[in-house]
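Open the model in your viewer and keep the selection tool at hand. The tour goes from the whole chain to a single residue.

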Amino acid sequence: MMYWTIWWLWLAAALVFGIAEVLLPSFIALGFAIGAFGVSMLLLASADMAPGLPLLLLVFAGLSLIAWLLLRRYFSLPTGQVKHFDHDINDH
């Protein structure tokens, strides 16, 4: 049995990415955590038919990218938060 087909190793990787997201100010590790969690659930659901490493990495990359884009869209700062001044306060 190959190590990349074991579902709980992908779940452990998701946990490591989740901890890294808490410890590091990056906001990108959460997308990787969601991607690894998705791959682990895919492997758990298809325990008898394990896909190869290239397909697993492709699914992991795709899920991570989709998760990161959705997280960025829904949890980013709203536009227009910065106040711009077009004149100096000391000019009279």
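How many helices and how many strands are there in the chain? The chain has three helices and zero strands, where helices (H or I, at least four residues) and strands (E, at least two) are DSSP runs numbered from the N terminus. This is a predicted model, in which local features need pLDDT of at least 70, side-chain atom pairs count only at pLDDT 80 or more, and totals for chains, interfaces and linings use all residues. Residues are numbered from 1 along each chain as its sequence is written, and side-chain values use heavy atoms, with hydrogens and water left out.

**Select the whole chain.** Starting at the N terminus, the order of elements is α-α-α. The chain is more spread out than a compact globule, because its radius of gyration is 20 Å, well over the 12 Å that the globule rule gives for 92 residues. That radius is taken over C-alpha atoms, and the rule is 2.2 Å times the number of residues to the power 0.38. Along the principal axes, the C-alpha atoms fill a box of roughly 80 × 20 × 20 Å.

**Colour by burial.** Of the 92 residues, 22% are buried (under 20% relative accessible area; exposed is over 50%, partly exposed in between; 1.4 Å probe, protein chains only).

**Select helix H2.** This helix covers residues 29-45, and Ser 40 is found in it.

**Select Ser 40.** Is Ser 40 buried or exposed? Ser 40 is buried, because its relative accessible area is 0%. Show its surroundings next: apart from neighbours within four places in sequence, Ser 40 is in contact with Trp 7, Trp 10 and Leu 11 (heavy atoms within 4.5 Å).
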